[in-house]
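Please open the model and follow along with the numbered points below. Keep the sequence at hand.

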Amino acid sequence: MAGAHHKVGELLHHTPRSSTAAVDKAMSSPSSSYAQHHVVKERVARWRRALAGRFWPRVGSLLVQVAYFLAVSWLGYLLLAQLRFRGDGTRRPRGIDLFFTAVSAATVSSMSTVEMEVFSNGQLLVLTVLMLVGGEVFLSLICLASKWFKLRKQAVHKSSRRVEIHHVAELEMPPAAAAGIDNPTSTTADDETSKSLEHVPDTRLRRDAVLSLFFVVLAILLAVHALGAIAIAAYILHASPAARRTLRSKALNVWTFSVFTTVSTFSSCGYMPTNENMIVFKRDTGLQLLLVPQALVGNTLFPPLLAACVRAAAAATRCVELRETVKQGGELTGYYHLLPARRCAMLAATVVGFLTVQVAMLCGMEWSGALRGMSPWEKVSNAVFLAVNCRHTGESTLDISTVAPAILVLFVLMMYLPPYTTWFPFEGNSSTKDHPKHEEARGIKLIKSTILSQLSYLTIFVIAICVTEREKLKEDPLNFNLLSIVVEVVSAYGNVGFSMGYSCSRQISPDQLCTDRWTGFVGRWSDSGKLILILVMLFGRLKKFSMKGGKAWKLS
């Protein structure tokens with residue numbers, strides 16, 4: 001009995017403690033769950049801020065441009081397929097080759113799977129429009145117009161909000177205060193007005209600067225195309241009988257050739273309405289020298305030209321927005337191609353340095369090789385023309401397959417480099433304000449870490465094409481070799497258009513049905529390989545969205 005009483009006492013003694021602990025736990029659980037809910041809510045809000053701030057706008061811009069190029073390419077393909085081909089139509093290309101040509105023109109890549117002389121004048125006009133609307137300068141005009149409309153819409157919205165708030169304030173304001181507003185000596189009204197309008201001048205200045213820059217770029221675009229086409233046509237008609245004979249033998253109109261070539265050169269495409277590209281004009285140094293400035297100002301030297309034109313327009317018109325654009329540059333307008341003066345100078349110096357190295361190597365190694373049979377002046381002119389076009393226009397006066405492998409490797413490097421690659425040994429602009437790294441959500445960092453470097457993507461594309469063309473790599477190794485595939489892939493990525501071509505004479509087991517054609521090396525690939533190269537051209541045209549990839553990979 002004593003033991004039983006003792007156990008009952010212990011049970012009664014521990015019961016209050018256990019019930020108290022249970023009550024405390026029940027009371028504390030709502031607070032802990034609330035804290036967890038608050039943490040989850042903060043994480044979701046951080047994700048939303050990160051997505052709305054920098055991630056989604058960039059993804060949206062990428063999707064818009066992908067849709068733009070696909071829509072333009074598909075429309076171009078439909079027009080090319082509907083229009084009549086030159087001749088009796090026996091050389092009509094296949095559908096995949098027509099679509100490949102449309103994508104190549106829209107992405108200004110000039111990779112070819114068909115001979116250009118099968119296209120009629122109407123189809124050449126379609127290709128001209130595709131190259132024009134796919135060029136970087138034209139696309140930047142669209143971006144400037146879109147930015148101006150957004151700024152204008154924001155200004156109208158803010159103005160309507162200010163008017164609405166002002167009317168509401170007048171309705172709710174007592175008569176004495178309302179009388180004070182009508183008093184012109186009232187300092188309170190002036191203070192309120194200045195506070196409400198303090199952001200208007202900056203917004204208006206930026207909007208006007210964007211509009212002025214739009215007209216400057218538009219003037220450059222129109223002037224280069226008009227002057228270029230007129231100069232080429234005048235040169236052919238009055239100074240180059242050989243060029244006239246060549247065009248006459250190919251049934252090409254002089255003005256069709258001039259406009260097509262000017263648009264192709266300035267947009268950095270590289271298509272020519274002749275099968276041989278510029279090889280048929282390799283002795284015509286005058287035509288080459290007319291095209292070299294257009295290729296430079298349409299690509300690597302466009303920022304220096306734009307900066308000079310903006311300064312000239314500001315000096316001539318004395319507009320406040322243009323003078324501020326000269327002072328602030330891209331920070332005011334957000335225009336990617338408007339670089340600071342020092343950067344423009346170093347960019348021009350870098351371009352000259354690259355050209356000097358390439359011309360020296362071409363003249364030193366190919367003087368008695370690929371350049372043989374020409375006069376010294378013609379050799380130098382061809383070397384300069386080829387050096388300029390490997391970044392990134394792609395017009396060629398030589399058969400690239402006959403060039404030394406060392407020069408081919410240099411060309412591959414030049415095609416890989418972005419157009420505004422600059423040797424800039426100065427410190428970066430300290431006024432550039434980036435978002436702090438800690439504000440970026442962990443999930444966004446994880447998504448960005450999955451983006452590979454450009455070389456990694458090129459390696460994947462080369463491997464994929466080696467898989468699709470593996471049978472031809474075994475059966476025809478002199479034509480289908482790794483270097484030829486690398487040149488083709490990097491040329492498509494850089495939107496250049498250089499190609500090693502294909503020669504029936506290099507076949508180990510000659511095919512009696514094989515005929516040489518003036519097409520690129522990709523013209524001999526399978527349909528799967530052509531589709532992969534279409535992806536490469538689109539990826540290369542939109543590579544600005546993935547240039548910062550691969551930073552999450554640490555090699556040491």
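1. Burial comes first. This is a predicted model. The chain has 556 residues, and 44% of them count as buried. The chain exposes about 30,100 Å².

2. Now the secondary structure. The chain has 21 helices and zero strands. Take the contacts between residues at least 6 apart in sequence: 77% of them join residues at least 24 apart.

3. Next, pick out one helix pair. Two packed helices are described by the angle between their axes and the distance between the axes. Helix 3 covers residues 121-134, and helix 9 covers residues 254-266. Their axes come within 9 Å and cross at roughly 25 degrees. Angles under 35 degrees count as roughly parallel, so helix 3 and helix 9 are roughly parallel to each other. Their crossing is left-handed.

4. Which residues in helix 3 and helix 9 meet? Helix 3 brings Asn121, Leu124, Leu127, Thr128, Met131 and Leu132. Helix 9 brings Thr256, Val259, Phe260, Val263 and Ser264. The residues of this contact divide into seven nonpolar, four polar and no charged.

5. Most residues other than glycine have a negative phi, and most peptide bonds are trans. The bond that joins Arg391 and His392 is a cis peptide bond, with omega about -5 degrees. His392 is in the loop between helix 15 (376-389) and helix 16 (405-416).

6. Ala251 is not a glycine, yet its phi is positive, near 55 degrees. Ala251 sits in the loop between helix 8 (241-249) and helix 9. Ser268 is not a glycine either, and its phi is positive at about 65 degrees. Ser268 lies in the loop between helix 9 and helix 10 (285-297).

7. Are Ala251 and Ser268 buried or exposed? Ala251 has a relative accessible area of 56%. The cut-off for exposed is over 50%, so Ala251 is exposed. Ser268 has a relative accessible area of 5%. Buried means under 20%, so Ser268 is buried.

8. Move to Arg244, which lies in helix 8. Its relative accessible area is 25%, so Arg244 is partly exposed. Set aside residues up to four places away in sequence: Arg244 then touches Ile236, Leu237, His238 and Ala239. How far apart in space are Arg244 and Val254? They are ten residues apart in sequence and 7.8 Å apart from C-alpha to C-alpha.

9. Finish with Ser212. Ser212 is found in helix 7, which covers residues 200-239. Its relative accessibility is 15%, so Ser212 counts as buried. Which residues is Ser212 in contact with, leaving aside its neighbours within four places in sequence? They are Glu321 and Leu322.

Conventions
Residues numbered from 1 in each chain as written. Predicted model: local features only at pLDDT ≥ 70, side-chain atom pairs only at ≥ 80, totals over all residues. Heavy atoms only, no water. Helix = DSSP H or I, 4+ residues; strand = E, 2+ residues; numbered from the N terminus. Buried < 20%, exposed > 50% of the residue type's maximum accessible area, 1.4 Å probe, protein only. Contact = heavy atoms within 4.5 Å. Areas by Shrake-Rupley, 256 points an atom, 1.4 Å probe, with all protein chains shown as cover. Axes fitted to C-alpha atoms, helices over the stretch in contact; angles between N-to-C directions. Parallel < 35°, antiparallel > 145°, perpendicular 65-115°, else oblique. Left-handed = near helix turned anticlockwise from the far one by under 90°. Nonpolar A, V, L, I, M, F, W, Y, C, P; charged D, E, K, R; others polar.
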